[in-house]
Every structure is written in structure tokens, then in C-alpha cells.
Amino acid sequence: MTTFDRQALIESLSRLVTPGIKLTALADELGARKHEYAALRQLVFNLVEEGVVQILPGGAFALAPSGRSGDRRAAKPKPVVEEYDPPDEPNVASAEPAHRSPKAPRPTPKGKRNAALPWTGKPGRGDAQGRGTDGTRGATPSRGGLPARGDTAKRGGLPARGDSSARPGLPASGSAATRGGLNARGSAASRGGSPSRGGSSRDGGPSHGGSSSRDGGSSRGGSSRDSRGGSPARMDSRGGSPSRIGPPARTPPPAPSKPVAEYDPDTGEVREPETTAIAPVAAVAPKDDRTIGRITVHPAGYGFVAIPGAETVFVPAKYRNNSLDGDRVALETWPGMKGTEGRVVDVIARGRARLTGILRKVGRAVYLEPDDPRIAADYGRIHLDDAPMGKTGDAIVIEITRYPDAARREIAGKLLKVLGDPDDPRTEIEKILACAVIPLEFPDEAMHQAVQTAQELQPGDLANRIDLRDRRFATIDPETARDFDDALCIEDGPHGGPRVWVAVADVSHYVRWGDALDKEAAIRGVSVYLPDRVIPMLPHQLSSNICSLLPLVDRCAMVVRLDYDNDGDLQDVGHAAAVIRSKGRLDYPGVAAALGGDFRGRREEYRPWSAELERLNALARILRTKRRARGALELEIAEPKVILDADDPRLVRDVVKSKGDPAVKQAYELVEEFMIAANEAVGSFFRKRSATTVWRVHAPPKPDRVAQLAELLGAYGIIVDVEEALAPLGMKKVLDQIAEKEGASALMFLVLRTLTQAVWDTVPIGHFGLASGDYLHFTSPIRRYPDLLVHRLLKYYLHRDGQPSGDGYTKPPPPVEQLTELALASSGNERRAIEAEREAVAMYRCYLMRDQVGEEFEGTVSGVTSFGAFVELDSPFVEGLIKIDSLGDEPWSYDEVHMRLAGTRTGRSIELGDRVKIAINNVSVTRRRIDLTLMATSSANKTRPTLEPSAKARIITKKKAGAAVDRAVRGHAERGAAPRPASTDGKLRLGVSHRGMGGRDGNDSPRGRPKGGKPQGKSKKRR
């Protein structure tokens, strides 16, 4: 067919047996020609906006659950409820207070108000004494399900939303769809309160030396051994299409009883039970019992598939079945010699949609020479359908248009962008952003709205706000910060102790439900902080100007009032919309100097703030002590910070440890404590009302992982009680023991690997790393979309309570299902940003070290794997790999439990925390790898037995080997062969004849041949 319509497109998508289909493949399915691609793309985007079609990770399209006629959720009748309609009010609403009397409370469902935190078995509380952060008792809704819409507190709750099984999709636009959609790749939460390596202290995550996302800190430089990072968001019944859905049955089956939702601690998702497909004869499809996971391919061709909760499966190269690195695959498995092995039987979803490399032109043919050696080894050059731009040798990005299959084992693609000089680090950054599908440019609609936003407060902006412009607020941020989204003020309080105001930029005053900026912010999810640039969630007109709490200008803000007594106990809390005027722009090094009494030079401007800083610091120390007492985890893991040349960003000056100065770290901790307190105070506000919001949740670790950690740390003399370690206080005891050991940073990484990832969700299961039951993200709405959601929801409930809310949010918020979708998408976007930040740091590390090949450095073994040992150098702060192949001909055994490599003959070992001397062997910028050569190992910290065999076993082995050599030599001599001289290394050298078996005269014998290879004298001719 040469034409297509809406129904034909929907029918084509409904016939899919794979999770999704690319636009080019869809065009082939419909018979569309190239000149019709634009119309087809527009039709697909229209269906995306209507919620009929959804965009999957990688840019593929599929029917949304509500768009499938055979989906039982979509077949349910629509509930008769008032649908959510984004308010069309102007930026400044009416100045009326709009006090609304609370509705009669509905009875609270059983088990909702007094649910237990997963690690305590007690109701959720804000502190160790069982009281909320505002001094009142309360509970956290149960972890088993979503908070009921009819739940109420003292002031009344929301009316029940009715049946909401059909979940609306995320807001999307045509321009948004072209940038990869809402779901994206990602990994561990660097800027959001999870105990991950790159966690920002500003966001209230467990303090572990992680750099603030504002100063570009990232974790471990993209090390391949971090198995937890970078896994794409799991698609379940909320965020993706069911795996297989058949055509609708004539007679719908009876509705089954609703099973209980399950919480996945690996991703933080609440998974609803999978709905089985309805076959044409109304038969239930059998459950897929195949092993499913994501494959990681080695350049040698073989791969590994990490199975959640099970052993990693080894896949030989011949059994990969056209799968590529990162693909989600189904396996057949069997027990092998060294563990579980498997064969790829089906590629469920492709893991990558783009490739980078060098453009090559041979005659009329145009090719991509891939950067990825795994692609180059399997498929060589990649044919490009059309590449009118660029010249040979340019770095480019392509989109894959054809994947390998059984019929055609080849990859093809089309040119997306010419990046330029491949030797420029900025080109590598462009590659990272292109492959991560991180949007760079804002769509026209969003930019138009940003440009039209007034850059100064108008009189109407002050409506329904408290005026705090006379208070001495000050922002404290990194030296290079461009956006200032929080400020602090301390003064005397009414309870004998201090009163602290935490002011946060009121982004929700300018970015409303469903507008162009809101849609774009939902797609981006978070701001991305790279060493050479920041990719903001909002245009700079908002992020760096009208929303930013710049000094000496009026700004709208949402404030939290924290009243403490002399002992640092929280006595009262208040929330309101306000207008403030910051009196100072302070930075962390300046605060650290002021706290140390150093006011030299430009630090003189900090002298007027010294008394307030001292008071804030004293209170922060008390709050930190209380937080430690309840079990908050603090992982002291250093993070790399890239220092670029101020005049030429292509030059890398150094890589250092972020927050390496203890005084600067103290300044970070000062701000961190009040951000955590504000986040918990807002969380308590929602928890007391049993109101729906977006929480920052961190599930407890799995018992089997803790048991494995206990076995590993036991070799280091660290006692781990598995039952106790499932609670924050028990895990804190483990960290306290680690802090006293040598190589504590490497051991803390093992604890980090044991913990789960923190995510955003609407189910308040608590935050394990902070030992908090009322934790969410409120303090960074400029750079995190979930914080913006919390601000909007807080304004709605403040308006209901008759409190200053800034106006504009009088209509009920979206249903919980839509908030859940937005939270899930934000978690995926956060992981995507973390991966990009880590890879960028790893790239700059390689650029720094590529000119130092052959140089020697000292460092510490930071990780041990079956293929080698990772070493963190002291200075510069980079990480490289000692390959096991570079350790000589001696076989090495890997002890996974004790994280140790040991030579089977000499007994030499390389262990976690060892001090080593290495030389730079090879540096690959494109692969982000630094290969090291081991020069010397310090045995000062060898307090445990190595894996070498016993002395008696070595003697017996040597005797057996020597006897075998003697027999072989004697047997060879008895057959008339000349005895071979002993080799210098004691090995038996076997000679090989290449002249056949017919030499009775001995001419094929090595006798009579000198080293030159020519026979002595004349040889006889054969007759």
C-alpha cells in the first residue's frame, strides 16, 4: 500500500510480537516511501500525545496499554469522576485567600495509617524517638499498596478517585518524541539521596564523600566493574507495554482477584502482577519461564548476563545469536565447568539505538568505523544508507536502521550528526550525550515560554505570600554554581533555641501543569552536570535568572520554618509561599575559611556572616549526631573532580578528589543537614494528611546480598550480623568497623554494592540510607523534576488549609497513577544522567593519562575481579586496570568471596586495599580504559593467609612434574632422538618436524643443523 491512515497504523502496532518497532521498520510494514516518512512521523507523534502510542527506550514505538483493544485494563468502563484538567490560570492568580472548609473525612482503610517501615516493623517516624519531624506522631502508609485517595487526616482528605486502572500517559510533544521519549537509560543516583557513589550532599543522601552534582562530580569514572550502575529502567505494568498481547477475545474472561503488588528493591519499583495475554480462544497464555536479563559483551565475543537474584550466566561467543551489548535477551541455561552457561534464544529488546565512530568513504560507499571494539570485531564497518555531510576522518553519530538477524548478519545505519575532530575531548562529550539521548536544545514552544517570562517580580507575584525580605538569607553553593535554588537564615526562635528558615526557589510559580516547559522538564527529568558544561532541566532564563535566588533581588520562594529548642529537638514546623531577598552569595571554600577564622583577602566579606555561620554549624553538628544515632549511613568514598584549563577547555589540568579538604567537607555537611531537615519536614506534612506525593524511597538490602557481604568482610575481621544489618543501625555498625580498617574506601564500596538504589515513587516505604520514614526531595526544583512535583502538591494542600500558597494550584492534582508514571520516568532519566556524568569523567581521566604512558605511580587496589584488579592512583586521582594477562605466564585464581587474586605457583596475591606501584601501559580514550602494569606490591597489610597451596602440596607437585619430564626425555632418547638441552625456565620444549615421516636417513632430525637453519655439508638427493 502507498497510503496509510490512523487505523492502519494502530492495527500494525497491535500485531507486534516484539516490545516496539522503529519508525523506519514501521514505514516498511505500512509500505510507506521515503517522501511519506514525515507524514507518518507526525501521525505517530499525534498518537503519542493522545496516549494511544508510547515511546520506548531507544526510540521505538508501541501501543500504550490504554491503546490496546485486548488489554483488560483498557476494556474496563471509565469511572464517572471529574477528569484532571491542567489549570489554564495565568502565572499570577487571584489574590483572594480562597480558604476552603475541609470536607467530611472518610474512614481510613485498615492498615494504611499504621504501616511499618520495612526495616523496623514499627510505624514510620521522623526521628529515633518515634515522633515526626514536627514533633507530632504519625505513620507512613503501608508498603504494600498506594495510598488511598480517600485517606484523610485532621483536616480531611481527597475524595476517592474511583477506578483508575487505565493510567494516563506522560505529557509528550512531537519535538519531545524525536529526542528519545520519556523513558531512558540510567544507573545509581548521583544527585538524589541514594547511597550511591555520586550522591550529592545537598540532596540529603547518605554522606559518603560524593561530590555535589553542581560541581560536576561523578563516580568511579565509568568503571566496568560497577554492576549496579547503568541498568535501564525496568518496564512493568506501569511504565511499558506488556510483553505479549494477542487479539481481543470474543468473550472476556471473568475478572480474577487482584493480587498484591510487589516491591522490587533493585529498582525501587512497585510492580503490579503481570497481566497475561488473552488468546483468540480466550485461553491464558503460558508464563514465560525463560531466563531473561541484559547481556554485556566482551570484545573477545563472549558475554555475561546478570540475572537479578541469581548467578551471572556466561554466554560463549558462538551462542550469542546476533545479540549486541546491552540487549535484553532470553536464555537457555545449563550448568558449566565454572558456573552457569547459556545460549541466547531470543532478543527481547535492543539495548542501543545509536553508534559512534569515524566516517570512512570508499568510492561511493560510506561507512562507519565503530568506536566500540565489540561492534567492530563482529560486524566490521557499518554501512550508512546516506551520509551527504562530513568528510573522511570526522567523528560521527549514526542511528541503527537495521539490526542483525538470522537472514542478514549485518548492521546498517543513517547519519545523525557530524561531531568534528575525533581528537577533541569536546567531540567525545558530544558522543556521550548523543548515545545517551540527552536533549540539548529546547523546543521552540518551551523557549518561547521562557523568553516571555518576566525576569523581575511583578506586583501580582506577591499575592498570597508571606514577606521575608527583611530576613538575612544567604545562599551557599560551589564556587562554579550558576543556579541558586536554596538559601538559609537563622535567628532566635520561640522555644529557647534557634529558628531556621530554609527557602527554596519557587519554580512552580512559572512552570505549570501541562505547559511547554513542564513537558520538556518531564522529558529531561534532571539537569546533567559535566566537567565542561551543564545541560539544564530548564532554560537559563529561569534556571539562572528569575527562579534563581540571586543576591539583592526579590524572588518567589517556598519556605520551611524549623523551630528548635536548646537541645536541637524540633518543636514546630511551618510551610508557606514567600518572597525573599538574599543578602549574600557564599561558597563552600569561603564558608570553610570563615569557620576557621580566616578572613584574609577577599574572605573579608565573610566576616559579617561569621556569627550566623558559627550558629548554623553548631546546630548542624547536633542534628548530625542525632541522625547518626538513628542509623543514618555515611559512606566515605572519594569522588573525582576534573579540573579543566580556564582558557582552553580541551586541556585537562588535573583530576583530584572532590571535597578532599576536611574544612570544605564540613561546609558541605552544614548545608546538608538543613536540606535533609527541610525534606523530612515536607514529607511529614504529607504523611500526616495521608496525602499522595512523590517520595524519595530507598529499600533495605536483600538478605542474600547482606549474607554475601558478611562472608566477604569476615575475612577482614569485620563482624556482620545479617539480621541486624537489614536495619540501618545494624548496617551502620558495619560501617563503623570498616572505618577503622586500612583500605576503608575500598571496603565501603563493597557495602555500597550491597545496598539497593534509591528512586522516586508514590509509595512511602522510607529511606534506608537516611533511616527516615518521611523523606522526599523538595530543595532542588530547578534541577530535579520530582522536586517541582512536590512543590505543586504542597501548594495545593496549603491552599486547602487556608495557608499562603502563592495561588495558582486550586484544582486537584493529577491522579496517583500519573504521578507514579512521572516518578518512574524521572528515576530513569536520573540514571541516564548519572551514566553520562560517569563516562565523561572517565573520558577526561583518559585524556589526562594518555601522554604519561610508561610513567610510574603509586595507588591502592580498589577492586578485584576475575579478569584483573582495579587501582586508584593517589595523584592524579584516576583509576586503571591491571589485566590478569599482564601478570605473567603464571596461572592466577580468583577468590570471589575474599576479593583476591592469587598465583597458583608462587603464592603471590593481589587483594582489596593493597598498596601497589604501577606503570601506565596503555590508554584508550574511546574505550575509557587505562591499562596498568604491576611493578611492585606492598605486603605490609597482608594479615590474612594467601591462597597459595601448602608447602607439602608444592613439593609433591614439583616431584610429579619433574618425574614426568624425566620420563619424556628418556623415552625420546631411547627412540634414537638427540636429547634436548634443558630450557632456562625448566619447561620441556617439544620439537616439531614439518618435513613428513619419510626421513629414514635422519635428514628431518635437528641434528647437524646450526641455529641458522641450514644443514652442515651437502644433503643427498633422493632417488
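Which residue forms a salt bridge with Lys414? Select Glu399: the closest N and O atoms of Lys414 and Glu399 are 3.9 Å apart. A salt bridge here is a side-chain nitrogen of Lys or Arg within 4 Å of a carboxyl oxygen of Asp or Glu.

Before moving on, note that this is a predicted model, in which local features need pLDDT of at least 70 and side-chain atom pairs count only at pLDDT 80 or more, while totals for chains, interfaces and linings use all residues. Residues are numbered from 1 along each chain as its sequence is written, and side-chain values use heavy atoms, with hydrogens and water left out.

**Stop 1: the Lys414 pair**

Stay with Lys414 and Glu399. Lys414 sits in strand E14 (residues 412–420), and Glu399 in strand E13 (residues 395–402), 15 residues apart. Helices (H or I, at least four residues) and strands (E, at least two) are DSSP runs, numbered from the N terminus. Lys414 is partly exposed, at 28% relative accessible area. Glu399 is partly exposed too, at 22%. Buried means under 20% relative accessible area, exposed over 50%, and partly exposed in between (1.4 Å probe, protein chains only).

**Stop 2**

Now select Glu673 and Arg627. Their salt bridge has its closest N and O atoms 2.7 Å apart. Buried or exposed? Glu673 is buried, with 3% relative accessible area. Arg627 is buried, with 3% as well.

Side chains of opposite charge can pair when their charged atoms come close. By the salt-bridge rule, the count for the model comes to 65.

**Stop 3: Lys917 and Glu856**

Select this pair next. The side chains meet in a salt bridge at 3.4 Å, N to O. Lys917 is in strand E33 (residues 915–924) and Glu856 in strand E27 (residues 856–865), 61 residues apart. Lys917 is partly exposed at 35%. Glu856 is partly exposed at 39%.

**Stop 4: a three-stranded sheet**

Go to strands E30, E31 and E32. They form an open sheet in that order, with antiparallel pairing. Two strands pair if DSSP finds at least two bridges between them. Strand E30 (892–895) and strand E32 (909–911) are the edges, each pairing on one side only. The twist averages 15 degrees from one strand to the next. Over four bridges, E30 pairs with strand E31 (residues 900–903). Pick Tyr894: its bridge partner in E31 is Leu901.

**Stop 5: H9 against H19**

Show helix H9 (residues 516–524) and helix H19 (residues 816–849). Their axes come within 7 Å and cross at roughly 55 degrees. Axes are lines fitted to C-alpha atoms, for helices over the stretch in contact, and angles run from 0 to 180 degrees between N-to-C directions. H9 and H19 are therefore oblique to each other (under 35 degrees counts as roughly parallel, over 145 as roughly antiparallel, 65 to 115 as roughly perpendicular, the rest as oblique). Select Ala522, Ile523 and Arg524 of H9, then Leu822, Asn829 and Arg832 of H19: these make the contact (heavy atoms within 4.5 Å).

**Stop 6: Tyr775**

Finish in the loop between strand E26 (758–761) and helix H18 (785–800), where Tyr775 is placed. Tyr775 is buried, at 2% relative accessibility. Its C-alpha atom is 9.1 Å from that of Ala677, 98 residues away along the chain.
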